[in-house]
Amino acid sequence: NDETYAICKADILIKSKDGKQAENIRNGNTLSDDKFSGLTFDYILSNPPFGREWKNEKAAVEKEADLGENGRFGPGLPKISDSQMLFMMNIIAKMDKENGKAAVIHNGSPLFTGDAGSGPSNIRKYILEHDLLDAIIALPNDIFYNTGIATYIWIFNNRKSAERKNKVQLINANSLFEKRRKALGNKRNDISEANIKQIVELYNKFEENELSKIFDTKDFGYTTITVERPLKDENGNLVLKNGKKQADSSLRDTENVPLKEDITEYFNREVLPFAQDAWIGEKKSVVGYEIPFTRYFYKYQAPKPSSQIMDEIKELEKNEDFYGPGRVLPDLEDTVPDKPRHRLGPAAGPGPNRHPGHPCRPGNRCTAPGCHCRPDPRRLPPSGLFYPCRLCRRLCRSLQPMPPPPHSNCQHYTVKSNKTQ
């Protein structure tokens, strides 16, 4: 928009020595009005918008996509609701064919959205089969002012070294950050100079470790095969047409077979033992690509034993419902604004373990609007202290030594469910 254009141009005018670089800042729409048509660049940095619709540019984008390799969007088109991969293809088209390098920041959706044969999958297929992707770096969360979602740097390279040919490096830098002393919007973390140095070292070493994985480009590819089952009549006999058995569309299923694996072997191992009458619909097979980044760095953690979970629950209940001498329940009035504040009625006389700030005592009552807690003489403990209802006890301070039963005459007690709220 005009405001962003003016701010950007003014910034370049201030920072550049002679101001000539500002001439390269041009006002237009990247997707529908290419101001740098025919130009390529050695280095490109970009942070395109996440989740921006491109319906306003639909006509122009589809027209250019019809040009195939002569346009920027020939490999495929993403969903109308997210234009990220259009910006990605624009950057790839602007890279110098021999020396071009680019780094683009995206959220997680370009990694895996779209089934085989869809626009996003075909874009990934084009990038990987043309060996344009050098590395993907997972950044820490909460490093942007306006969003806390996971983000990734895609590094493209038209001049890969011999060891990186047909390879893609995945770097998990999600844990490499420093906490900010004070958050700025959603920005709670910073990537320090030491963190940057560590990420660069991981990239330059090109070795596998806990934070770095290296894959062949084909490792991200798969073939979606269609598994057919025969159509049968009411008597269980095969339905034939021109002597050929017909497929039952209601039993049709799909399987994703890794590109490096033989389809027939996979089918014989994974499908036929469970459906001996199945076959592959050969003409329906489609090649797709996805990059399940998180899966490659996932570490299995065994669940806690049920006995340990039960002990933890009991401990939580103990901390919440049992209060010995000198233990004070935190005052939660200020943290629960939608609940009524409790005010004291006539004060009660002194007594053992008597807490003067608690309204639910013999001789006291809560006078807050909407609260109907009242002392119940039938439930007085031997110490002479009254057990408040659970809700009031959580809103007021208490030194109660025993867990409170629900009040029989308190409207915080839900009659319908017969449970204390």
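A salt bridge is taken here as a side-chain nitrogen of Lys or Arg within 4 Å of a carboxyl oxygen of Asp or Glu, and a search of the whole structure finds 22 of them. The model is predicted, so that local features need pLDDT of at least 70 and side-chain atom pairs count only at pLDDT 80 or more, while totals for chains, interfaces and linings use all residues. Residues are numbered from 1 along each chain as its sequence is written, and side-chain values use heavy atoms, with hydrogens and water left out.

**Overview. The chain as a whole.** The chain has ten helices and 16 strands, assigned as DSSP runs (helices H or I of at least four residues, strands E of at least two) and numbered from the N terminus. Of its 421 residues, 35% count as buried, where buried means under 20% relative accessible area, exposed over 50% and partly exposed in between (1.4 Å probe, protein chains only). Among contacts (heavy atoms within 4.5 Å) between residues at least 6 apart in sequence, 67% join residues at least 24 apart. The chain exposes about 25500 Å², of which carbon and sulfur atoms supply 51%; accessible areas come from the Shrake-Rupley method with a 1.4 Å probe, and for residues only the protein chains shown count as cover.

**View 1. Helix H3 and the elements packed against it.** Ten of the eleven residues of helix H3 (residues 84-94) are buried, so this helix is largely enclosed by the rest of the structure. The buried residues are Gln84, Met85, Leu86, Phe87, Met88, Met89, Asn90, Ile91, Ile92 and Lys94. They pack against strand S1 (43-46), helix H2 (58-65), strand S2 (101-107), helix H4 (109-112), H5 and S4.

**View 2. Arg124 in helix H5.** Arg124 lies in helix H5 (residues 119-129), in which Gly119, Pro120, Ser121, Ile123, Arg124, Ile127 and Leu128 are buried. The Arg124 side chain does reach the backbone oxygen of Tyr289, at 2.7 Å. Leaving aside residues up to four places away in sequence, Arg124 touches Met85, Ser109, Pro110, Leu111, Phe112, Thr113, Gly114, Tyr289 and Glu290.

**View 3. The salt bridge between Lys160 and Asp131.** Asp131 follows H5 and has a positive phi, near 55 degrees. The side chains of Lys160 and Asp131 meet in a salt bridge (2.6 Å, N to O). Lys160 lies in the loop between strand S4 (151-157) and strand S5 (167-172) and Asp131 in the loop between H5 and strand S3 (133-138), so the pair ties together parts that are 29 residues apart in sequence. Both Lys160 and Asp131 are buried.

**View 4. The salt bridge between Arg180 and Asp190.** In the salt bridge of Arg180 with Asp190, the closest N and O atoms are 2.9 Å apart. Because Arg180 lies in strand S6 (residues 178-184) and Asp190 in strand S7 (residues 187-190), the pair ties together parts that are ten residues apart in sequence. Arg180 is partly exposed, with a relative accessible area of 27%, and Asp190 is also partly exposed, at 24%.

View 5. Asp219 forms a salt bridge with Lys260, with the closest N and O atoms 2.9 Å apart. This pair links distant parts of the chain, 41 residues apart, with Asp219 in the loop between strand S8 (212-216) and strand S9 (221-228) and Lys260 in the loop between strand S12 (253-258) and helix H7 (263-270). Asp219 counts as partly exposed at 30% relative accessibility, whereas Lys260, at 52%, counts as exposed. Lys167, Asp216, Asp219 and Lys260 are linked in a network of salt bridges.

**View 6. Polar contacts of Ser192.** Ser192 is placed in the loop between S7 and helix H6 (193-205) and is buried, with a relative accessible area of 12%. Its side chain is joined to that of Glu178 by a polar contact of 3.5 Å and to that of Asn195 by one of 2.8 Å. A polar contact is a pair of N or O atoms within 3.5 Å; within protein, one must be able to donate a hydrogen and the other to accept it, and residues adjacent in sequence count only if both atoms are side-chain atoms.
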